[in-house]
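Please examine the sequence and the structure shown here.

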Amino acid sequence: MVTKQYTGSPDEADLTRADSLAREIFSDVANKWALLIIESLGEHTLRFSELRNEIEGISHKMLTQNLRMLERNGLVERTVHPTVPPRVEYTLTEPGQGLRETVDGMCGWTRRYLGHIEASRNRFDA
């Protein structure tokens, strides 16, 4: 896999372009697990097991993959404490906190329109 490099070109920030770095980043973070991890971390620093307990249904593999992706993109910071066994904690970085504001808005939107969407689905599926 070729890692795209940002050179300051406006094309790299254009989500409509298939070769855009912005689209690659958007694709990384716009998945349910990444959004739930960001929401769960919030203002907290959590250990892997605590995160897994917070997010019902996420597998060990999915949590690991998404945490690595979020760390790679600079949204999550991973801290390893030199204990036996090692204690690993995760926290949102400043850009991660910025994304969290958007995620909070999406969570609020979901809560606000859940009844409307459910009614629409029931009508559609009938």
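Which helix lies across β1, β2 and β3? Helix α2 (residues 32–41) does, running at about 95° to β3; axes are lines fitted to C-alpha atoms, for helices over the stretch in contact, and angles run from 0 to 180 degrees between N-to-C directions. The model is predicted: local features need pLDDT of at least 70, side-chain atom pairs count only at pLDDT 80 or more, and totals for chains, interfaces and linings use all residues. Residues are numbered from 1 along each chain as its sequence is written, and side-chain values use heavy atoms, with hydrogens and water left out.

Helices (H or I, at least four residues) and strands (E, at least two) are DSSP runs, numbered from the N terminus. Two strands pair if DSSP finds at least two bridges between them. The three strands form an open sheet in the order β1-β3-β2, with antiparallel pairing. β1 and β2 are its edge strands, each pairing on one side only. Between β1 and β3 there are two bridges, and R47 has E89 in β3 as its bridge partner.

| Strand | Residues |
|---|---|
| β1 | 46–47 |
| β2 | 76–81 |
| β3 | 87–92 |

In helix α4 (residues 60–72), L63, T64, N66, L67, M69 and L70 are buried, that is, under 20% relative accessible area with a 1.4 Å probe, protein chains only. L67 touches I37, F48, L51, V76 and Y90, not counting residues up to four places away in sequence; contact means heavy atoms within 4.5 Å.

Note on methods
Buried means under 20% relative accessible area, exposed over 50%, partly exposed in between (1.4 Å probe, protein chains only).
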